Amino acid sequence: MKQRTLKPEELRFHCDPAQFEFETTENVAPLEGIIGQERAVRAMEFGLTIKRHGYNIFMTGQTGTGKNSYVQTLVSEIAAGEEVPPDWCYVYNFADPGHPKALCLPNGRGSVFVREMEELVEALKQEIPKAFDADDYERQKAELFRRFQEKRSQLLEQVAQMAEEQGFILKRASTGFVTVPLVDGREITNEEYEQLPEDVKENLERKSSELQLSALKIIRQVQAAEKEMKERIKELENRIGLFAVGYLIDELMERYADNPDVIAYLEAVSKDVLENLDDFRTEQTEEVPFPWLRRKEDPGFKYRVNLVVDNKDTRGAPVIVENNPTYYNLIGRVEYENKLGMVTTDYTMIKSGSLLKANGGYLILQARDVLTNPGAWDGLKRVLKTREVVLENLGEQSGLLAMSTLRPQPIPINVKVILVGSPELYQLLYDLDEDVRKLFKIKADFDTEMNASRERMTQMASFIASHAEKEGVRHFDRSGVARLVEYSARLADHQLKLTTRFNEIVEIIYEADAWAALEGCKLISGSHVQKAIAEKIYRSDKYEEKMLEQLAEGTQLLDLDGVKVGQVNGLSVLNSGDYVFGRPSRITAVTYLGREGIINIEREIKMSGRIHDKGVLTLSGYLAAKFAQKFPLSLSASITFEQLYSGVDGDSASSAELYAILSSLSDLPLRQDIAVTGSVNQFGEIQPIGGVTCKVEGFFKACKLHGLTGRQGVMIPVQNIKHLNLNDEVVEAVKAGRFHIYPVAMVEEGIEILTGVSAGEADAEGNYPPDTVFGCVAAKLAAYNKLLQQAKGDDEEQGE
């Protein structure tokens, strides 16, 4: 019977160099934008355009699809045309020092304000002492003091005269005045006082009390005069201080007249300076043995400005790429320093994070890095939800650190966050974190493949030209471009697609450039690209080579010629990390009388994955639908991958397992020179599988190792034809008739190829011709059922 085999031109994607209108990529314009990502590009452009709350962007896609380079380029272009956001700074809060105030200034004015305040402080340090060193101040102060002294002297003289009239003299004591009696103009001693008659002493004590009351009133007048003098001196100092510094602060207030917050701050500065003029008038020049004995720090310290966001040199909206998104790098922090064993901080030690630096612009983050840094993900979400940055340390936020610290005023924020991550990570977050769907409403999904159109191939040439221009690699000729395009199709596992994993394409560009350099060529041709691909494979195919050695030595048993009952060659794919290759394996099946059904040995010993288990269980459904319409399916079958010492998963071997069971039931041998891949459903349809190119090439290498006979080949699902991108050696072998690829759509086609016997069709009564595969299977199953019925009857007779 005639079976279809694939022609050489069906085995791979071929790119004809003649279709290109250029000779080399020197004649091609460099690429602008990104190739083959229309969906993601539209999503990105829309997401960057809409400025609503929650419309942040989550970029998904496999590694190497160009997400990171594209987002930085696109965002930078858009940001360049937008307004530069304002500067932000923290200043001292004179009313509540524990809560520093945040000031917003036009872009570029922040650093100017810092300099102006520094100049103001320096001016205060010079002008205030100078004003108080003037003769006029000393004269006015001396006059006030003289007046006080005169009034004080008059009042004290009045007290003394009153005492003398009453026969006493007043003496100063620590508690006020002491009255001493006079007799004949002379002070008497305590002994003399005690010798006086009682009535005289009583009279003296009465007069003394009256005198002290009168003296107390006068003393209060003295104190009031002293207080008045001090107030007038303070008024004098304020007047002089205001004269010295008022014009300096007034100048600043005129410059920031349109900023009420700055005006309020400058008014507070003016008031505080006048209240603390002595700090500027005195300097501690003497050396002290211990730092804590110093009176005060710099009097201008609390007038410093802490500029936390400076957009002076920013052109357009800021674009921040945070490569290490820890909590503090994102949110910011309040730093501390150790002074003589004491932890201290102040508002000048507030540091901004990436969110504040990106305020008014864009922040690009790697989702995985954010999630793996403690507190970073929750901190990011909190900022996006509240639309303000609250600077607090991580320990305080979690309640683990209880200590007095600063509480800076929150800064309102307007930033678009772009998270870059894998599709799996996005789906996980979307399912488990309800905030994701609220805060990241735009999903930009980068594809791993694109259509292999002529336009895309020309864009690939532009991509090469861009790297030649930016990275200094050699240009490609047409053959080099064509070979690179073919390699792109192989990476995509499709004859009508090209890969968008450009990182792998760039690797070949660089390596082909190196091989061209070693050969002294000015252009990179197809041979250099092929050399780069071959060498890349050689560096990684050690495990495949070891496997082939085992086949050659006979350590791994594999028949590549002849026929066997219940035995077929299956194909699987092994992944060593940076290299994927196909591995042929012997699959065997044994059938016998019983009711256990199909026993998967790998499943019994827990070496089988769930998908493989599903594939094996599907076989029971197929056999029942095909052969159990008249009597129960009385069958026990054992199937296994021989010499398999690691796990197996996937259903791509289910058709091979079915062929082995059918062979065992029909006693018809299967060809060992044909390997089988493809899954099967309960209706006998062969379904497509993955890794078909690697599987075919893996079996070809095994056959080549023992010598090609011209009869060997691989049976694949018909749907996988378009996924073939075989290497030149396999294509040439097929072209020469030394190897064959059989596409099949149904189990019937496959069993006929393997046995050379017709599968058979059921007649109207559901019977199969006896000389067909299915006829032999049906006969065996009918015999099994008859034997089981007889055994059941014998058991019932013995029971009676």
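Phe-13 sits in the segment before helix 1, where helices (H or I, at least four residues) and strands (E, at least two) are DSSP runs numbered from the N terminus. The model is predicted, so local features need pLDDT of at least 70 and side-chain atom pairs count only at pLDDT 80 or more, while totals for chains, interfaces and linings use all residues. Residues are numbered from 1 along each chain as its sequence is written, and side-chain values use heavy atoms, with hydrogens and water left out.

With 10% relative accessibility, Phe-13 counts as buried; the term means under 20% relative accessible area, against over 50% for exposed and partly exposed in between, with a 1.4 Å probe and protein chains only. Beyond its neighbours within four places in sequence, Phe-13 is in contact with Ala-452, Met-457, Val-485, Glu-486, Ala-489, Gln-495, Leu-724 and Asn-725, contact being heavy atoms within 4.5 Å. Asn-725 lies 712 residues from Phe-13 along the chain, yet their C-alpha atoms are separated by 6.1 Å.

An open sheet of five strands has the order 8-13-16-1-17, with parallel pairing; two strands pair if DSSP finds at least two bridges between them. Axes here are lines fitted to C-alpha atoms, for helices over the stretch in contact, and angles between N-to-C directions run from 0 to 180 degrees.

Within this sheet, strand 1 (residues 57-60) runs parallel to strand 16 and is joined to it by four bridges. Thr-60 has Gly-421 of strand 16 as its bridge partner. Helix 1 packs on the sheet and touches strand 1, strand 13 (362-366), strand 16 and strand 17, with its direction at about 150° to that of strand 17. Helix 14 (residues 423-432) also packs on the sheet; it touches strand 1, strand 16 and strand 17, and its direction makes about 140° with that of strand 1.

Another open sheet consists of three strands in the order 3-2-7, paired antiparallel. Its edges are strand 3 (101-105) and strand 7 (306-309), each with a single partner strand, so one side of each lacks a neighbour in the sheet. Neighbouring strands of this sheet are turned by 30° against each other on average, direction ignored.

Cys-89 has Leu-103 as its bridge partner in strand 3 and stands opposite Leu-307 in strand 7. Val-91 is bridged to Lys-101 of strand 3. In a regular strand the side chains alternate between the two faces of the sheet. Both faces of strand 2 are covered: Asp-87, Cys-89 and Val-91 are buried on one side, and Trp-88 and Tyr-90 on the other.

The pockets complete the picture. On a 1 Å grid over the protein atoms alone, a pocket is an open set of points where a 1.4 Å probe fits, with protein on both sides within 12 Å along at least five of seven lines, and lining residues have an atom within 4 Å of a point. A volume is the space filled by probe spheres set on the points, which are joined across faces, edges and corners.

The largest pocket has a volume of about 1,300 Å³. Its lining has 44 residues, of which Arg-490, Ile-537, Tyr-579, Val-580 and Cys-694 lie nearest the centre. Elements giving two or more residues to this lining include helix 17 (478-492), strand 22 (580-592) and helix 24 (692-706); helix 24 gives the most, with eight residues. The lining divides into 14 nonpolar, 11 polar and 19 charged residues, where Ala, Val, Leu, Ile, Met, Phe, Trp, Tyr, Cys and Pro count as nonpolar, Asp, Glu, Lys and Arg as charged, and the others, Gly among them, as polar.

The second largest pocket has a volume of about 910 Å³. Of its 35 lining residues, Gly-66, Lys-67, Asn-68, Ser-69 and Tyr-70 lie nearest its centre. Helix 1, helix 2 (67-80) and strand 16 (416-421) are among the elements that give two or more residues to this lining, and helix 2 provides the largest share, seven residues. The lining of this second largest pocket comprises 12 nonpolar, 16 polar and seven charged residues.
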